[in-house]
Amino acid sequence: MFDIAKIRADFPLLKQQINGQPLVYLDSAATSHKPQAVIDALTHFYSAENANVHRGRHTLSDNATRKYEQARKSLANYFQVESNELVWTKGATESINLIANGLTSKLKAGDKVAISAIEHHANIVPWQQLVKRIGAELIVLPITSDLVIDAQQCAEFIEQHKPKVVAITHASNTLGNITDLAPIIQACKNINAISVIDGAQAAMHLRPNLREIDCDFYVFSAHKMLGPTGLGGLYGRFELLNSLDAYQTGGEMIETVSLTQSNFREAPGKFEAGTPNIAGVIAFTEAIEYLTSLNFQQMRQHEHTVFSYAIKQLSAIDGITIYSQHHNNIGNISFNYKNEHPFDLATLLDGFGVAVRSGHHCTQPIMSQLSISGTVRASFALYNTKEDVDALITALKNSIELLD
Amino acid sequence: MNSPFQAVTKDIENAAGWQQKYRQIMLLGKQLPVMPEALKVDDALVKGCESKVWLYIDFDHTENSLVLAGDSDTRIVKGLLALILALYNGLTPQQATQINAYDEFERLGLISHLSPSRGNGIKAMVDKIQAMAEQKR
């Protein structure tokens, strides 16, 4: 069974008091908390295992290398892919930049790159820069009036406009809305377009089987999956991944170097120049093991129960507008109260110990579409409870009273 | 300390608990004179804020004093802005440079709002006023 009390006890930060009140953490879409095992692994690495990887034949280095590569295997297992199809980066943002840069020589002037209107800025700006560099064109995929990527319409749109690259999110960070990827990826295959999926939000909540999803690239951030900050990565279908231009060059990523020329290693090494975030990678294994130790169906069921309860309770407050879809949602709820500024609400909620995020959430195109400057976003994770929702609702009512 | 500031902060100091403190701050914001739309130019927008904050700074040469006006689209920042205006408005540059807004906000238990991570632009506003005062001194 899904033992929520035990799970909460595994996350030391959740025991904190904020402004003299128990912390109610509803900002996991920004970053998730870390179980004790991840924190311990970080400390243990630096106190007992620290060494550089892939070089040096001493015992410490061998052990560090083994654990570093073992982490790749764990993650490969999590995503149901091969280890050599996973590249470590410093986060989903760097992963998208790596892909966008690496695709440069595969595109030519006049080619099209498609994104959706609900993307995070990290899945917009690198593509804008790419098309600018090569004189290609950025096109925008259709979304529904509920701000969901419209899978059927997108599939038609893709087959009609024939973009070379399609970059879309698996779930919106602002809204939580989940994309129905299958028809879109099928359309990409039909026209040989490269599919890039932003999994920053979905990777923890949906435990995606990437073989089944069958996309070309999938990016993620470790810190949104119970892991340390400063680490993320990407999956790339091996032949395609290996054929990308190197993003950064230098040590570690080479086979041989003379003063005039170098040969690069195969993927993933080719994309991991310099000393990587070894401690982060090794500690991330603990996060992956923690996640996989939980029964996925039970975890999703728990998340769904808490999310649905939050939607129900929020909807019952007069004057609240919810922008997120009420089903097919990873657990992010964007809302506003009447015309109040989200900053004011979030500040007051913080006074009650409730941590939410306010603002445009790096999705200004969504805000333009809704003609608002921002939202309050409450985002849930596996360690949240109905009690957290109750605390949010009470704090919200008290905050509204202060504003009215 | 100048009296307009003392007058407006009395209720904040006497507030029982943080809710009352915020209520007083938002009330101050409500009472802030309306900023003429003509002054809400891009130049007056304080950069790096989650909320929109305008701060208009002028210098009255005959009176040798700072002339300030401001507005914000959020209630809390507008209230904090009202505090800053009460702190600096009408002062000579000499007087203004002697004011430590940090100390004043600390005394009122509002120092967290001056920290850069809040992104509400209070610190940026104070810096902007101080720069003007330095320049005119």
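Predicted model: local features only at pLDDT ≥ 70, side-chain atom pairs only at ≥ 80, totals over all residues.
Chain A holds 15 helices and 17 strands, while the secondary structure of chain B comes to 6 helices and 2 strands. Two open sheets of chain A are treated below, one of 7 strands with mixed pairing and one of 4 strands with antiparallel pairing.

**Chain A as a whole**

- For a chain of 404 residues, a compact globule would have a radius of gyration near 22 Å, and the 22 Å found for chain A agrees with that value.
- Taken along the principal axes, the C-alpha atoms of chain A fill a box of roughly 70 × 55 × 35 Å.
- Of the 404 residues in chain A, 48% are buried.
- Among the contacts in chain A with a separation of 6 or more, 71% are accounted for by residues 24 or more positions apart.

**The sheet of 7 strands in chain A**

- The strands of this open sheet follow the order S4-S10-S9-S8-S7-S5-S6 in chain A, and their pairing is mixed.
- Its edge strands are S4 (86-89) and S6 (137-141) of chain A, each of which pairs on one side only.
- On average, and with direction ignored, neighbouring strands of this sheet are turned by 20° against each other.
- Strands S7(A) and S8(A) pair in the parallel sense over 5 bridges, and along this part of the sheet A:Ile168 stands opposite A:Ile197 in S8(A).
- Strand S5(A) is likewise joined to S6(A) by 5 bridges, with the two strands running parallel, and A:Lys112 stands opposite A:Glu137 in S6(A).
- Strand S5 of chain A, which covers residues 112-116, is mostly covered, since 4 of its 5 residues are buried.
- As a general point, the strands of a sheet pair through backbone hydrogen bonds, either parallel or antiparallel.

**Helix H7 of chain A and its surroundings**

- In helix H7 of chain A, which spans residues 181-190, the buried residues are A:Leu181, A:Ile184, A:Ile185, A:Ala187 and A:Cys188.
- Seen down the axis of H7(A), these buried residues fall within an arc of 155°, and they therefore line one face of the helix.
- Just after H7(A), the residue A:Asn192 takes a positive phi of about 60°.

**The sheet of 4 strands in chain A**

- In this open sheet of chain A the strands follow the order S13-S14-S17-S16, with antiparallel pairing.
- Strands S13 (320-322) and S16 (357-359) of chain A stand at the edges with a single partner strand each, so one side of each is left without a neighbour in the sheet.
- Neighbouring strands here are turned by 30° against each other on average, direction ignored.
- Strand S14 (residues 332-337) and strand S17 (residues 375-379) of chain A run antiparallel and are joined by 4 bridges, and A:Ile333 stands opposite A:Ala378 in S17(A).
- Helix H12 of chain A, made up of residues 296-315, lies across S13, S14 and S17 of chain A and runs at about 145° to S13(A).

**Chain B as a whole**

- Along the sequence, the elements of chain B follow the pattern α-α-β-β-α-α-α-α.
- Chain B has a radius of gyration of 14 Å, close to the 14 Å that the globule rule gives for 137 residues, so chain B is as compact as a globular protein of that length.
- The C-alpha trace of chain B spans about 40 × 30 × 25 Å along its principal axes.
- Of the 137 residues in chain B, 39% count as buried.
- Residues 24 or more positions apart make up 58% of the contacts in chain B that have a separation of 6 or more.

**The contact between the chains**

- Chain B contributes 11 residues to the contact, and chain A contributes 11 residues.
- On the side of chain B that touches chain A, the elements giving two or more residues are helix H2 (17-31) and helix H3 (75-88) of chain B.
- Of these, H2(B) gives the most to that side, with 4 residues.
- By type, the residues of the side of chain B that touches chain A divide into 4 nonpolar, 3 polar and 4 charged.

Key:
Residues numbered from 1 in each chain as written. Chains lettered and ligands numbered in written order. Pairing = 2+ DSSP bridges. Axes fitted to C-alpha atoms, helices over the stretch in contact; angles between N-to-C directions. Contact = placed C-beta atoms within 7 Å. Rg over C-alpha atoms; globule rule 2.2 N^0.38 Å. Buried ≥ 20, exposed ≤ 12 C-beta atoms within 10 Å, placed from the backbone. Arc of directions from axis to C-beta. Nonpolar A, V, L, I, M, F, W, Y, C, P; charged D, E, K, R; others polar.
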